[in-house]
Amino acid sequence: MSIRSITFSLLLAVLTPAFAATVSFPDFHQAKQQAKTDNEPLLILWYGSDWMQDCASVVQAWEKFANDGKLPIVFGQYNDKTGQTSDERRKNQNEIGIEQYDLPAAVLLAPDGTLMATWNGKDVRKPEGLAKDVAALIPKAEQFMKLAATARDRGGVEGAQAAGAALKLIPYADARRHKELTGIINRKDPDNKTGMRALFAMDHQAMYKEINNILNGGPDGKLKDGARNFDEAARYVQATMRNSGIEKGNKALTETRQQWLAGLAYVYREKFKATKDEKDRKRLLDTLAACVKLNPKSQYGIGAAKYHHYWDPKSFTVIDNMFYNPGDQTHNFEKDWHVLVSKSMDGSGTYEFELVPRENGRLITRNFRLVVNGREVAKADAAPDKDTKKVTFKVPAVKKGDKVEVWLTAECRDGWFGCSGEIKMTKIR
Amino acid sequence: MNAKAVIAALGLLALGTVPTHAADNAAPAAPAAKAETAGLPKSVTSALDKGDFNAVRTALLAELKQMGVPESRAGLELKDARPAANDDAVNALCMALEVVDCTSPEVLNEFAKDKDHQKFLKAFFADAEWQEIYLGCGLVPYHNDWGVRILYDVWKEEKGAVKNKPLAVALASCWGGGETWRDVPIQKKDPSKYNPVRRYKYFQRQQAKGVLYPGFRKLKAWELRFVVAIPQQDWDDESYEWAFKHVNMPWDQYGWACWHAPYTDPSKFGDSVQSGEYNLPFSDESWAEATQRNGGVCGALSHYGTVAAMAHGIPAYTVGQPGHCAYAVRLKRGEWTGGFGGPDGGMHNYIFGNQAPTSYNLMEAVFKDDAKIARAYRASFRARALEDLGQDQAAIGAWREALDASPMHPFFRKALHSLLVKTGMGPKECLDYLMETLPKYKGHGVAACNMMDDLNGPIAAMDDASKLKLFAEVHRIVAETPASWAVKSEDTISRQFSMLQSEEARQQLLAEAFAAYMDAGDGTIFGQILEWAVKTYVQSGRDDVFNKAFAAATSKAAGAATGERAKKMSQAYGKAIVAAEQARSAAAFSALSAAALKTCPPDVRPPKLQAQLPPGIGKGVLFRMSTTSGFDDPVAHSLVLTPQGGRCHTDREAHPHMIVELDAKATVTGCLVHKVPGNEGRMKRAKISTSTDGATWFDQEKTDNMPSEWVVKFKPGTQAKWVRIEFDNPQPEFAHISHFLIFTK
């Protein structure tokens, strides 16, 4: 890029409203052509000049990045402005190879236009941070491109193998959402002979489809009288993890490992539901715990922890805002709730504790106890085995700072699992 | 009137050299005068101080009685063009009365028991501008404290100086609902996660940063309702924050923001979306975050797109459709565009009913002009005050003024109708009134039908001639209304029929209705009326009535339809033709087919026949098939019975069949059946049979390998009125033919 064009674009950035700045890179169609001619990878800034509030600073940062970077790449831009029809936008997105809903974004394409990597958010606003990632990918571009071409050209597992090899060269997250190459793997190796399908191209939907096929004795569900192939399904998940290199391997595979562990937990959960055997429950809980351990903060980690709590007979639900929500409940089996009522207390006396349903109503609640600092001090006046919504307690004097709770046993029997409501603790005498 | 108000009024008199109507034209959208100028009389403020809203109400009525509420400013201006000296003072009193009546004195008394609440109420009642925004937001919380409680919460948060009153009002309206929507589901949500004050702060913060859609700051309270919440099925506050951070697209692309979340069933943990456990593993996250990461089906994705738009200050709503959930977004006033198959269906946020598009079209029309709707609301406040004062005729005048400014406001229209009925509206007066009013509903036929419901009494008392005149006008209005699959018209015509005394009048109405829809509209309602008429008359054996009405209408109908309308008309006729076939009504089949061929000729390219046709071709008057399918074109069925050829297409079946009915029993010598070109491999094993009674069949010919063109010679002397071809497929398969000709002697 010439000094003149940089100056001009900086001048534009100063003179026009903050969001109207445009970057001086060529349009991505032109840039794509240029990248092909120069045989260099293409880095596209995907942004919106007429609606992005911080457009000027993004543009400025990218101009500087392009100028300072010295990377052997072609810079291009896709100015995603308002006024394009959905069809136009879709066409452009298809050409780039990925959909984007959180702009600005950066997209790296191989010299032949094959998608290699994408970035969003902070990384794009401070593009100098991308330099290392991009620099690491540039030397792989040639090989990536060749393997992608082989994947397109060769039939059967050979094509799938090449697509997998290409995907191994790029960041794993980008590889998993690479529509073209994962599509090739799915088409050319539907039975996962190469292991590439499980590694890159089987999202959780595809995984559960396979698992359910085995559980039910084939796509048509040939097993009769509720029989299901639990053990065969578990063996399938374990073998797939082992044979596709998911079980062990680099850290990038963690979420895929978690996905397959969630799949295994699903098999054990279904089995436990059918057998009610505590050994099966233990398998379920152990599998969920293993899933959490891999990465507690990932979506699978968060979900597995929640499910572990849900199925663990020793766990209880803490309610500290005097409102119960669907996520607090167990469906068709009981769990204890610990409701923190300290804030509603005003000295000793007789208190009324009430659950006031707001949505749906098939919540069974019983066995109300008053607990101070973890020690049961009083029982409610209602029979412990009777479904009750309002009970009274005689509350003794408690010290300031004491943790006062009402413990109860609850079970939601709504089909859609959606009871919610207020909790009231009112002094009546 | 207290001294302050009198002085204010005199001051306005002295300055008021411009007649009010001229002033209205010049600056119609000016907000109501501030409390300092309009003021509230001492009798009212002292009752307010006590927190006694029964006393407030009594004092307001006494003051208004003393001041005199003009029935119609417009009327007075025309008469003497005098300036409306005490308009602001009267308006302020009327609005305060309206707030008390909407909320109810009992609710306010209870609310005012808290000292802070009382302080807020005094501030609110002293602020005419805020009250006007509140009362003009479309749905005003009715007989509950949601509205004042939310306004109070915002007022408290802003330490008594609310910076964005329309935003606060929109929140109050979403949570509080209104007289026509009392139990709003959002009221039942966990207040720690669905919190109006947090929403208020969120939008204020984003607006201050300048990151919201530029049109946001221009939105009125009724429009902001579609930004701040989804009253029917909202998502938590955190979702708005999350969606703002993670969905950033060009303003006009939020109609497909839903696809940011993966469409998936089952969930990451294998749960089906029907199971209830689908969202359980992620119930600690915001709905938006959980949906983007875990995915969902149409409901979750449409909510995601909607909340993403709303989080950026763009009005949006989710909408229920049969077996589906979609959404809509709006960048410009009046222009809703669909996401995921929206915008039509049952809206989850609405002011005037929830059946989109009629509801949002009506809402946009009512609120289209800021100046006019402001005028209409002010007249409505007077009208209600006059009603409270027992001055019904004057109230009627004020309601008429409100409706002059905003003719289709359903709540105003209902209030006027209620008074008209109460004051003894007769059938003649009702007819005159409706014939004058209906043209104002041009383009809003459903609203026109709905508003007439209030006047069923006087309408029922009309004679058939008056009713016919009225109902025909209704159909003309409905016919000019933009249609949608979500609009249903059968109920209207069915009710009209039940109100008519004579069968002759019903026939005339049917003809009027056919005529109205034949040449106008996109064909959707025509289809509904046709279907209803076929069901009502043809299928119950009274096809002569149907045919007479239909013939009367077709004689006046224009020529061929074009474009999208031709497609819709073809669908409409198609359904009716199939219904006539099923009802075995040859007369209806012939009439409908003839009209359809004229209006929306099918695009059929039948093959050229190879056989030499004999001179006698039987006149087929009815053609019917075992089933129809999405590939069928019933408009072309009648052509199958002619040498020109047509097209028909059954569903996949083991034994599909087609039957030709001749106009009379005849000596039949043979037949010709030709397959539609393409897929000739289907329809191999076939059999032709004949019948004289339509029930007992005699085989004429069978084949295991039916050619494309199959000519069959019947047994000598065969008599028949019906001829049938049936196929025997090893696996269910389609059948489609272009010709079925019967040869006669």
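Trainee: What should I know before we start?

Mentor: This is a predicted model, where local features need pLDDT of at least 70, side-chain atom pairs count only at pLDDT 80 or more, and totals for chains, interfaces and linings use all residues. Residues are numbered from 1 along each chain as its sequence is written, while chains are lettered from A and ligands numbered from 1 in the order in which they are written.

Trainee: OK, how many helices and strands does chain B have?

Mentor: Chain B has 32 helices and 13 strands. Those are DSSP runs numbered from the N terminus, helices being H or I with at least four residues and strands E with at least two. The C-alpha trace of chain B spans about 110 × 65 × 40 Å along its principal axes.

Trainee: And how much of chain B is buried?

Mentor: Buried residues make up 53% of its 745 residues. Buried means 20 or more other C-beta atoms within 10 Å of the residue's own, with exposed at 12 or fewer, partly exposed in between, and C-beta atoms placed from the backbone.

Trainee: Which residues have the most contacts inside the largest nonpolar core?

Mentor: A:Ile44, B:Ala96, B:Phe514 and B:Val534, in a core of 333 residues. A nonpolar core is a set of buried Ala, Val, Leu, Ile, Met, Phe, Trp, Tyr and Cys residues joined through C-beta atoms within 7 Å. Helix α7 (residues 87–103) of chain B gives the largest share of this core, 11 residues.

Trainee: What does B:Ala96 touch?

Mentor: Leaving aside neighbours within four places in sequence, B:Ala96 is in contact with B:Leu40, B:Val44, B:Leu60, B:Phe125 and B:Gln131. Contact here means that C-beta atoms, placed from the backbone, lie within 7 Å. There's also a second, separate core of 23 residues, and A:Ile319 and A:Tyr351 are among them.

Trainee: Switching topic: how many residues of each chain are in contact with the other?

Mentor: 38 residues of chain A are in contact with 31 residues of chain B. On the chain A side, α16(A) gives the most, with seven residues. That side divides into 14 nonpolar, 16 polar and eight charged residues. Ala, Val, Leu, Ile, Met, Phe, Trp, Tyr, Cys and Pro count as nonpolar, Asp, Glu, Lys and Arg as charged, and the others, Gly among them, as polar.

Trainee: What do the buried residues of α16(B) pack against?

Mentor: They pack against α16 (299–311) of chain A, together with α15 (237–246) and α17 (298–311) of chain B. Six of the eight residues of α16(B) (residues 287–294) are buried, so this helix is largely enclosed by the rest of the structure. B:Trp287 is one of the buried residues. After α16(B) comes B:Gly295, with a positive phi near 85°.

Trainee: Last one: how do α14(A) and α15(A) pack?

Mentor: Helices α14 (residues 254–275) and α15 (residues 278–294) of chain A pack at about 165°, axes 8 Å apart. That makes α14(A) roughly antiparallel to α15(A). The contact includes A:Leu261 of α14(A) and A:Leu288 of α15(A), and its residues divide into 11 nonpolar, four polar and six charged.

Trainee: What are the cut-offs for those angle words?

Mentor: Under 35 degrees is roughly parallel, over 145 roughly antiparallel, 65 to 115 roughly perpendicular and the rest oblique. Axes are lines fitted to C-alpha atoms, for helices over the stretch in contact, and angles run from 0 to 180 degrees between N-to-C directions.

Key
Two residues are in contact if their C-beta atoms, placed from the backbone, lie within 7 Å.
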